[in-house]
Amino acid sequence: MLVCYRTYADYRGIFANQALDTLHNAGAQVWTQLAKETGSSMEQWREWTGGTFEAFLHHLSDASNKLGDEIGRALTYHTGEMTHGGTFRCVDCETHVTLKQPAHLPPCPKCHKTEFRRA
Ligand SMILES: [Zn+2]
């Protein structure tokens, strides 16, 4: 490239514009080519890395949902279940049921549903 500029400098005069055009065209081709190559790389990056990352996120989301479901099940108390006592919140209507001593969990006094969480 440096050689081209020196050559151009030597061509002052009648060939100057022509040389400049030639240089410009050559430069434009290089940049176009570079852009094409970069574009191609970006496309491949998006295809490989993006796809993998997306799959990873989906996997993470699935795992997180499953874990959330399991924790939810583990934390859910059902009517008739023996508990150590304490305050429970109806999953449906948020009504609180307090058991002062170990006892079987009754149905919700308000909506009669049977699933509770500790309040
Ligand atoms: Zn309820």
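This report walks through a predicted model of a single protein, from its overall layout to a few residues.

## Overall layout and confidence

The protein contains 2 helices and 6 strands. Reading from the N terminus, the order is α-α-β-β-β-β-β-β. As for contacts with a separation of 6 or more, 36% of them link residues 24 or more positions apart.

Four of the strands build an open sheet in the order β1-β6-β3-β4, and the pairing is antiparallel. Its edges are β1 (77-78) and β4 (96-99), each of which pairs on one side only.

Let's look at the β3 and β4 pair. Strand β3 covers residues 86-90 and runs antiparallel to β4, with 4 bridges between the two. Across this pairing, Thr87 sits opposite Thr98 in β4.

## The nonpolar core

Which residues make up the largest nonpolar core? It has 5 of them: Phe88, Cys90, Val97, Cys108 and Phe116. As a general point, nonpolar side chains in soluble globular proteins tend to be buried together.

Val97 is a handy place to start exploring. Leaving out residues up to four places away in sequence, Val97 touches Phe88, Pro106, Cys108, Pro109 and Phe116. Three of these contacts, Phe88, Cys108 and Phe116, are also listed as members of the core.

Gly85 belongs to the loop between β2 (82-83) and β3. Is Gly85 buried or exposed? Gly85 counts as exposed, because it has 12 C-beta neighbours inside 10 Å, and the cut-off for exposed is 12 or fewer.

Not counting residues up to four places away in sequence, Gly85 touches Leu99, Lys100, Gln101, Pro102 and Ala103. One of these, Leu99, falls within the range of β4 (96-99). Leu105 is another residue to check: 20 residues separate Gly85 and Leu105 along the chain, yet their C-alpha atoms are 8.5 Å apart.

Key:
Residues numbered from 1 in each chain as written. Predicted model: local features only at pLDDT ≥ 70, side-chain atom pairs only at ≥ 80, totals over all residues. Core = buried A, V, L, I, M, F, W, Y, C linked by C-beta atoms within 7 Å. Buried ≥ 20, exposed ≤ 12 C-beta atoms within 10 Å, placed from the backbone. Contact = placed C-beta atoms within 7 Å. Pairing = 2+ DSSP bridges.
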